[in-house]
Amino acid sequence: MKLFLLLLVSTFLYSSSLEKVSIQFNWKYQFEVAGFIAAKEKGFYENVGLDVELKEYNPEVDILFDVLNNKVTYGISSSNIVLENKKIASIVLLATYLQKSPLVFITKPDIKTPSQFLGKTIMGNKDELKNSSLALFLSHFNINFSNTKFIPHNFKIDDFINGKVEIMSAFRSNQLYELDKRKIDYNIIDPADYGFVMSAVNLYTSKEEAFNNKARTQKFIEATNRGWEYALKNKEEIIDILIKKYGVNKSKEALLYETDVVNQVMMRDFILLEK
């Protein structure tokens, strides 16, 4: 009994000595955030003295607002430039993990040009429609809330298949696999084809956090980079964790497809993860 109490007290003291931080994702739990999940599950964050809370995407949450107001420590953006009231936000970009954004629009087969977006129903998440290559594409072609209907993303393809929406934002690593498997016809409109090339899974924090907690910030980046290295070398293990612990309702085959696309857009032949 005494030994048990001693272990309990030791565990409590150790856990309370860890610095608590949090990160808000801009997407559901998928392999796109595998580096963060691996860093937490394999103890890389804990090893550098951090207790990290991973927060899954929530459409009700304004990620930038929460980062700037210290509700979360770190955020993820689909753009390396984040705007607040049409001005560059007071944030610091810490790392970019996908060098080429896999974000695209999936459209019904008959929608092949930007002008055909007008008057249609588009499903996308709030962050993508504000800060991403998709947002630049929409703005350039004057596709907005006054001439087009936008609805929040539910991360399911059924609404697209059934015709409730004609256009939806998607990751090449995600919904395309499901559509192909179900033999659904679709068209892809990639902002990169129109000159809007951006990165994705951009890790950022507020300037206040970055400059007031330099050591903590550096430890978080290094542990996350280690997590990505581990995730890419141990894909099946991380996939099992995503399914069993994080409740990802996708097949192992779908997630393996996802890992291949993620690996491609990380462009690791040209960009190395810093240790």
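This is a predicted model: local features need pLDDT of at least 70, side-chain atom pairs count only at pLDDT 80 or more; totals for chains, interfaces and linings use all residues.
**Entry 1: the five-stranded sheet.** I looked up the strand order and read β9-β8-β10-β7-β11. The sheet is open and its pairing is mixed. I then checked the edges, which are β9 (149–152) and β11 (187–189). Each of these has a single partner strand, so one side of each lacks a neighbour in the sheet. From one strand to the next, I noted an average twist of 35°.

**Entry 2: β7 and β11.** I followed β7 (residues 103–107) to β11 and found them antiparallel, joined by three bridges. One pair I wrote down is isoleucine 106 with its bridge partner in β11, isoleucine 188. Next I looked at α6 (residues 133–140), a helix that packs on the sheet. Helix α6 touches β7, β8 (121–124), β9, β10 (167–171) and β11. Its direction makes about 55° with that of β7.

**Entry 3: strand β12.** Is β12 (residues 200–206) mostly covered or mostly open? I found it mostly covered, with seven of its seven residues buried. I traced β3 (residues 74–77) to β12 through four bridges, the two running antiparallel. Here isoleucine 76 has leucine 203 of β12 as its bridge partner. Strand β6 (residues 91–98) also runs antiparallel to β12, with six bridges. In that pairing I noted leucine 93 opposite tyrosine 204.

**Entry 4: helix α11.** Which residues of α11 (residues 235–244) are buried? I listed Ile238, Ile239, Ile241 and Leu242. Viewed down the helix axis they fall within an arc of 160°, so they line one face of α11. I then looked for what covers them, and found α2 (34–41), α10 (214–233) and α12 (252–266) among the elements that do.

Key:
Residues are numbered from 1 along each chain as its sequence is written. Side-chain values use heavy atoms; hydrogens and water are left out. Two strands pair if DSSP finds at least two bridges between them. Axes are lines fitted to C-alpha atoms, for helices over the stretch in contact, and angles run from 0 to 180 degrees between N-to-C directions. Contact means heavy atoms within 4.5 Å. Buried means under 20% relative accessible area, exposed over 50%, partly exposed in between (1.4 Å probe, protein chains only). The arc is that of the directions from the helix axis to the C-beta atoms.
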